[in-house]
Every structure is written in C-alpha cells, then in structure tokens.
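Please look through the sequence and the model below before reading on. The report then goes through selected features of the fold.

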Amino acid sequence: MKRNFLKATFCAALLLFCASAHADQSIQIMEGTTLERVLKTGTIRCGYFTWPPYITKDPNTGKLSGINYDIMEAIGKNLGLKIDWAAEVGVGDVVAALNTNKFDVMCATVWPSPGRTQNLTLSLPAFYNVAFAYVRKDDKRFDGDLMKANTKEIKVSGIDGNYSQDLSKEKLPNATQSMLAQTASGSEILLQVMSKKADIVFSDAGMVNDFMKNNPDALRQVAGIGPVRYYGEALSVKRGEFQLKNMLDTSIMQLTNDGVIGAMVEKYRKEYQSTFYAPSKSFEAK
C-alpha cells in the first residue's frame, strides 16, 4: 500500500512538473513581435492624434498634454518602460500606421467600432465615455425625438471611418452623411455644424466643451434624448499582438486598482466638464 502511495505521489509530481514546464513555454515571448522589440529597447513608441482633451498639442512648443498623455506616461512608469511619442497621424490612419510599424501602440484612445475591432487589437478600456447628439445653439428641431433628424434633408457631420460615421449610420440611417476626410480633426466636424454645413453631429462632452472655449454658445446637446452611446476608451495595437495587449491590460488594471486612473479621470471631468468615468476596481478591501 505504501509503495503504491509513493508511486502515485511521484506520478502526480511528475505531471505537475510537466504541466509547469509546458506553461513556461506557453508564455515565452514570440520572436518578431512588437512586444519583443519593446522589451529589447525598453521603449514603447506611441502614435497619437490630437483630439482635446484626450491629446492636446501646444502649437508653439509642440508639448503634449491630455488624459491619454497622462495615462500612457503612468503606464510607462508602471512597466518600467520609456514612452516615446513617436508619430502623429490622422484619426483614420491608425490601422495603416500600426501595420507599417510607425509606432507600437496607438496611445490616443479610440472607441470600439465594427471596423476597428476587425482590424486592430484593443486593450481593456482605460476609462469610459459617453456620446451625445449636438446641434447649433438655436436649433430645437430634434429636441425630444432624435428620429426627426432621420431624413435625407438633414446632414450629419463626421469623419470617414470614425465612430461619428458609425453612429450616423446606425442612429440616422436616412440622413445625409457629410463626412470629412480621415485626416480631419474633432474640431472640424463641430465646425461643420456651427457653420451650417451640417445640422447635427455625434460627439462627447469633453471635446465639445474644449471647442466651446473658442466658440462660446455655438453648440448644445439635443435636449430630451440623453446619451446615444456609452464607450470604453481603448489603446490599440496591431491585430494579433495579444502579448502586448496583455501587458497593457495588466498595467491598466493595476493603475485602476491603485486609484491612479480614477484621479486622472476626476481631474479631466472637472476641467472640461467631461463625461469621463473610471473603470471599476477589481475589488474593494474591507
């Protein structure tokens, strides 16, 4: 009986050792991946597009700021990696730039859309946001009923391939899409409405409030319809780069649980009257 017990124990230990060895092999960093290059150089090369208050670029000094900038710098510190803000691209050029290795991570967060999820690998949300419908200050045609804008006579402003286009197709399929090129900025789609080249636009409060600093009383939320979409703000990597995504996810979770991201979200909520929300912590210690 004792011999059988020792034999069974040895076999169990051997199986555990083999399983552990297999697990160690499964987490080896694959050669030729973006993560391998990042760890060898100790640097994450960030791509970005300017979209206040996510990423703001000082026109005189070129200095970057914004909630995406702060969060990414915190991720770098958390991981012990340098953050190199390597390349600025248009919001519609994210996929092509990643595929041609202009940078490692798109560090200006994006809202998931069908096209993006098919062509990118997205991180866990670094924070959350809300989209609303906006019109000119004196335009009350759609108050209380967004479907009043769902006619071909109404023009919806947006950017080709951007969430603004996705929302216009989904929410107002019969309206006329007035889409700008992929290189356009967020302020340009708002300017379309302000200048009467379009009638309505889908955007977030932070972006609109930043625009209104220089264009007071130009726009307002469509009254009586509330948010049109809740979004997670995600970092992007090349499709299939799951090891790099996992590293970013782990850092985002750590910064969330430590309250770092929550403090940043609160700062930008107050400064821009935004609708930013921090992710929930994994647990609350009692």
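## Basis

The structure is a predicted model. Residue numbers start from 1 along each chain as its sequence is written.

## The disulfide

The structure holds 1 disulfide. Cysteine 46 and cysteine 107 form this bond, with an S to S distance of 2.0 Å. The two cysteines come from distant parts of the chain, 61 residues apart: cysteine 46 belongs to strand β1 (residues 43-48), and cysteine 107 to strand β5 (residues 105-110).

The torsion about the S-S bond is about -75°, so the disulfide is left-handed. Are its two cysteines buried or exposed? Cysteine 46 has a relative accessibility of 0% and therefore counts as buried, the cut-off being under 20%. Cysteine 107 is also buried, with a relative accessible area of 0%.

## Strand β12 and its partners

Strand β5, which carries cysteine 107, pairs with β12 in the antiparallel sense over 2 bridges. In this pairing valine 110 stands opposite alanine 234 of β12.

Strand β6 (residues 120-122) also runs antiparallel to β12, and 3 bridges join them. Here threonine 121 stands opposite valine 237 of β12. Strand β7 (residues 127-136) is antiparallel to β12 as well, with 5 bridges between the two. Valine 130 faces this strand too, standing opposite tyrosine 230 in β12. As background, side chains in a regular strand alternate between the two faces of the sheet.

## A β-α-β unit

Strand β8 (residues 155-159) and strand β9 (residues 176-180) run parallel and are joined by 5 bridges. Within this pairing, valine 156 has glutamine 177 in β9 as its bridge partner. Together with helix α6 (residues 163-171), β8 and β9 make a β-α-β unit, and this unit is right-handed.

## Helix α7

Helix α7 covers residues 186-194, and its buried residues are Gly186, Ile189, Leu190, Gln192 and Val193. Seen down the axis of α7, these buried residues fall within an arc of 145°, so they line one face of the helix. Just after α7, lysine 196 takes a positive phi of about 70°.

## The largest pocket

How much space lies in the largest pocket? The figure is about 150 Å³. The pocket is lined by Val91, Gly92, Val94, Val95, Ser113, Gly115, Arg116, Asn119, Leu120, Asp160, Gly161 and Gln182.

Helices α4 (94-99) and α5 (114-119) each supply at least two residues of this lining. Which element gives the most to the lining? Helix α5 does, with 3 residues.

Glutamine 243 lies in helix α9 (residues 242-257). Glutamine 243 and threonine 33 are 210 residues apart along the chain, and their C-alpha atoms are separated by 8.5 Å.

Technical notes:
This is a predicted model: local features need pLDDT of at least 70, side-chain atom pairs count only at pLDDT 80 or more; totals for chains, interfaces and linings use all residues. Side-chain values use heavy atoms; hydrogens and water are left out. Two strands pair if DSSP finds at least two bridges between them. Helices (H or I, at least four residues) and strands (E, at least two) are DSSP runs, numbered from the N terminus. A crossover is right-handed if, with the strands pointing away from the viewer, the path from the first strand over the helix to the second runs clockwise. Buried means under 20% relative accessible area, exposed over 50%, partly exposed in between (1.4 Å probe, protein chains only). The arc is that of the directions from the helix axis to the C-beta atoms. A disulfide is a pair of cysteine sulfur atoms within 2.5 Å. On a 1 Å grid over the protein atoms alone, a cavity is a set of points where a 1.4 Å probe fits but cannot get out, and a pocket is an open set with protein on both sides within 12 Å along at least five of seven lines; lining residues have an atom within 4 Å of a point. Grid points are joined across faces, edges and corners, and a volume is the space filled by probe spheres set on the points.
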